[in-house]
Amino acid sequence: MENINQHQLDNFNEAMLNVRRAHRLIYQYQRRMIDLIDFIRQKLDFPPIYNGVGGWKHFSDPLYRSSKNDYFKLSKNNWAWDFLCSYEFEYYLGEKFTKERANSSESSEQYAISLLQISDTGYFDSKLDNRLDVDNFIPEENSASKLLFYFELKPKQKDWIWDVKSIALSKRYCKSSFTHCHKTEECGNKRILYAFPMSSFINEESTILALQEFSSYVEKYAGISLTVL
């Protein structure tokens, strides 16, 4: 085995120092994201996320536990991305009836909201098809971090379309330049995507302003008024 010279050792130790810093930084970032999502949940008058479905990891596969044991099933085919939930994560706020339904015995319309945390648009801004080619993602300083709101309103007795999984891998919707769009499907479902840069959620005041902006867009194109407490 080739001897390790001092230069190699110094480079390795510096890399490990950066790894330790990165993990602590990601912890602080994700702690803030959890607090932010809970604040948004409260302001939009949804129940606590842990009382509902919760969320899904996107961009890569989750790690699955063994059915008989408590360990994760790993293989040589695992992506390194599989170990990083926070790169792109969906927080499902839940389903609600419109205000008309809330005070009536007859169902009318029902809506649901998910929040998609996109921590880095570097892949989505690139022309790559390979999510493992990290060295050729758009440089970090030219990428963005975003929160993408997915809203769907469905009429009585209609099924949800709900395709956040495909949206989460879409370069059209997850790139840094995407802002918003809306569509009414043939079945009558109305769907809205509305993206904000993470800088829109620096504090409570800016977050409420963002939610009011989102609510105004929903009212304009879906015809219902969201509660912003």
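Figure 1. For C174, in turn, the closest cysteine sulfur is that of C181, at 11 Å. A search of the whole predicted structure accordingly returns zero disulfides. The model is a predicted one.

**Figure 2. The hairpin of strand 5 and strand 6.** Strand 5, formed by residues 180–184, pairs with strand 6 in the antiparallel sense over five bridges. Within this pairing, C181 has L193 of strand 6 as its bridge partner. The two strands form a hairpin in which five residues lie between them. G188, located in the turn, has a positive phi of about 105°.

**Figure 3. Strand 6 and its pairing with strand 4.** Strand 6 is largely enclosed by the rest of the structure, because six of its eight residues are buried. Strand 4 pairs with strand 6 in the antiparallel sense, over eight bridges. One of the residues in this pairing is F149, whose bridge partner in strand 6 is Y194.

Figure 4. Six strands make up an open sheet with antiparallel pairing, in the order 1-2-3-4-6-5. Its edges are strand 1 (54–57) and strand 5, each of which pairs on one side only. On average, neighbouring strands of the sheet are turned by 15° against each other, with direction ignored. Helix 5 lies across strand 3, strand 4, strand 5 and strand 6. Relative to strand 6, helix 5 runs at about 155°.

**Figure 5. The largest nonpolar core.** This core comprises 29 residues, and those with the most contacts inside it are I40, I113, L115, L147, F149, F151 and F214. Two or more residues each are contributed by helix 1 (6–43), strand 2 (88–97), strand 3 (109–118), strand 4 (146–155), strand 6 (190–197) and helix 5 (204–222). Helix 5 gives the most, with six residues. Another core, of 20 residues, lies apart from the largest one; among its members are Y123, F137, C174 and F178.

**Figure 6. Contacts of L115.** When neighbours within four places in sequence are left aside, L115 is in contact with I37, I40, F89, E90, Y91, L93, L147, L148 and F149. L115 is also one of the residues with the most contacts inside the largest nonpolar core, as are I40, L147 and F149.

**Figure 7. The chain as context for the close-up views.** The chain contains five helices and six strands, which follow the pattern α-β-β-α-β-β-α-α-β-β-α when read along the sequence. Its C-alpha atoms fill a box of roughly 75 × 45 × 30 Å along the principal axes. Of the 229 residues, 38% are buried. Among contacts between residues at least 6 apart in sequence, 68% join residues at least 24 apart. The accessible surface comes to about 14,300 Å², and carbon and sulfur atoms account for 51% of it.

Note on methods
Residues numbered from 1 in each chain as written. Predicted model: local features only at pLDDT ≥ 70, side-chain atom pairs only at ≥ 80, totals over all residues. Heavy atoms only, no water. Core = buried A, V, L, I, M, F, W, Y, C linked by side-chain atoms within 4.5 Å. Buried < 20%, exposed > 50% of the residue type's maximum accessible area, 1.4 Å probe, protein only. Helix = DSSP H or I, 4+ residues; strand = E, 2+ residues; numbered from the N terminus. Contact = heavy atoms within 4.5 Å. Pairing = 2+ DSSP bridges. Disulfide = S-S within 2.5 Å. Axes fitted to C-alpha atoms, helices over the stretch in contact; angles between N-to-C directions. Areas by Shrake-Rupley, 256 points an atom, 1.4 Å probe, with all protein chains shown as cover.
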